[in-house]
Amino acid sequence: MGGTEHLNIQREGATLVLTLNRPEAKNALSLPMLVGLYDGWLEADADDSIRSVVFTGAGDSFCAGMDLKALAGKDTGGEQYRDRLTADPDLHWKAMLRHHRPRKPVIAAVEGYCVAGGTEMLQGTDIRVAGESATFGLFEVRRGLFPIGGSTVRLQRQIPRTHALEMLLTGRPYTAREAADIGLIGHVVPDGTALTKALEIAELINACGPSAVEAVKASVYESAEMTETEGLAAELKRGWPIFDTADAKEGARAFAEKRPPVYRRA
């Protein structure tokens, strides 16, 4: 289990918890953070005992976006990670879930600021929980910048286009309630309890068959841009083999024996 000075990685049962850990800078993205984050996604993908991932931030913020000074490796101890970025110039986009989709479900637990790059990374997660005082938004246009983390493509596919364009073109902040109303997040909880709620959701996922969970997630994303006919064909191709797995047989036995199933990867 890795991690860096700006990214904590820990286990909570079958859940891997990735925590942005630069609270003094509202968890603004740094090179050490991005390297640790990408390594965390890779660890989750590689370890079959991990069935879900919770993504959160330390302190009173999730992430306030990119810190360009830190990304350059200046004044944050990031120079030792420069070779990782040189070896893989796409690493930061993979870390931010722009060019990488983890095969395990990812649940975001947001407190405080989740803006700019924070809101962009949020769009790469699967299930989203926020404290009631959380703030969302894509502020780039207010600074004469472009939200190049994928938001002009993904946001309109996740929420109605009129809301996506308002968020993108005004650069204004959104409350957690507003974010929930437009469908950007799924749960609004009392401040300080987002992580607890996210872990509760993770436990529900962890109790399910891991092969089935991963196949369902893959099918949802794979079919998103297909026609209905194409999507149904792709779903059948992914879903039918699940019925012949050890997990499926265990699920049937457990139901017949009126006991909780004990799933192991097929």
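In which helix is Lys-217 found? Lys-217 is found in helix 10, residues 210–223.

The views below show a predicted model, in which local features need pLDDT of at least 70 and side-chain atom pairs count only at pLDDT 80 or more, while totals for chains, interfaces and linings use all residues. Residues are numbered from 1 along each chain as its sequence is written, and side-chain values use heavy atoms, with hydrogens and water left out.

**View 1. Lys-217 in helix 10.** Helices are DSSP runs of H or I with at least four residues, strands are runs of E with at least two, and both are numbered from the N terminus. At 8% relative accessibility, Lys-217 counts as buried; buried means under 20% relative accessible area, exposed means over 50%, and partly exposed lies in between (1.4 Å probe, protein chains only). Arg-103 is 114 residues away from Lys-217 along the chain, yet their C-alpha atoms are separated by 7.5 Å. Contact means heavy atoms within 4.5 Å. Leaving aside neighbours within four places in sequence, Lys-217 is in contact with Arg-101, Pro-102, Arg-103, Lys-104, Pro-105, Val-106 and Asp-126.

**View 2. Strand 6 and the strands that pair with it.** Strand 6 covers residues 127–131, and four of its five residues are buried. Two strands pair if DSSP finds at least two bridges between them. With strand 4 (residues 106–110), strand 6 pairs in the parallel sense over four bridges; here Ala-109 has Val-129 of strand 6 as its bridge partner. With strand 9 (residues 187–189), strand 6 also pairs in the parallel sense, over three bridges. The bridge partner of Gly-131 in strand 9 is Val-189.

View 3. Strand 7 (residues 135–137) pairs with strand 8 in the antiparallel sense over two bridges. Phe-136 has Tyr-174 as its bridge partner in strand 8.

**View 4. The largest nonpolar core.** A nonpolar core is a set of buried Ala, Val, Leu, Ile, Met, Phe, Trp, Tyr and Cys residues joined through side-chain atoms within 4.5 Å. The largest one has 48 residues, and those with the most contacts inside it are Leu-18, Leu-37, Phe-55, Val-110, Phe-136, Leu-184 and Ile-185. Helix 1 (residues 31–46) gives the largest share of this core, eight residues. A second, separate core has 12 residues, including Val-17, Ala-109, Ala-202 and Ile-205. Not counting residues up to four places away in sequence, Val-110 touches Phe-62, Leu-122, Val-129, Ala-130, Gly-131, Ala-134, Phe-136 and Ala-194.

**View 5. Aromatic pairs.** Rings of Phe, Tyr and Trp (its six-membered ring) pair if their centres lie within 6.5 Å; planes under 30 degrees apart count as stacked, over 60 as edge-to-face and the rest as tilted. A search of the whole structure finds three such pairs. The pair of Phe-55 and Phe-62 is edge-to-face because the ring centres are 5.0 Å apart and the planes are at 70 degrees. Both Phe-55 and Phe-62 are buried. Ring pairs link these two residues and Trp-41 into a cluster. The pair of Trp-240 and Phe-243 has its centres 5.5 Å apart and its planes at 40 degrees, so this pair is tilted. Both Trp-240 and Phe-243 are exposed.

**View 6. Arginines over aromatic rings.** A charge sits over a ring if NZ of Lys or CZ of Arg is within 6 Å of the ring centre and within 35 degrees of the ring normal. Arg-98 lies over the face of Trp-93, at 5.0 Å from the ring centre. Arg-142 lies over the face of Phe-139, at 4.7 Å from the ring centre.

**View 7. Cys-63 and Cys-114.** The structure holds zero disulfides, a disulfide being a pair of cysteine sulfur atoms within 2.5 Å. The cysteine sulfur closest to that of Cys-63 is in Cys-114, 7.3 Å away, which is too far for a bond. Cys-63 is buried, at 0% relative accessibility, and Cys-114 is buried with a relative accessible area of 0%.
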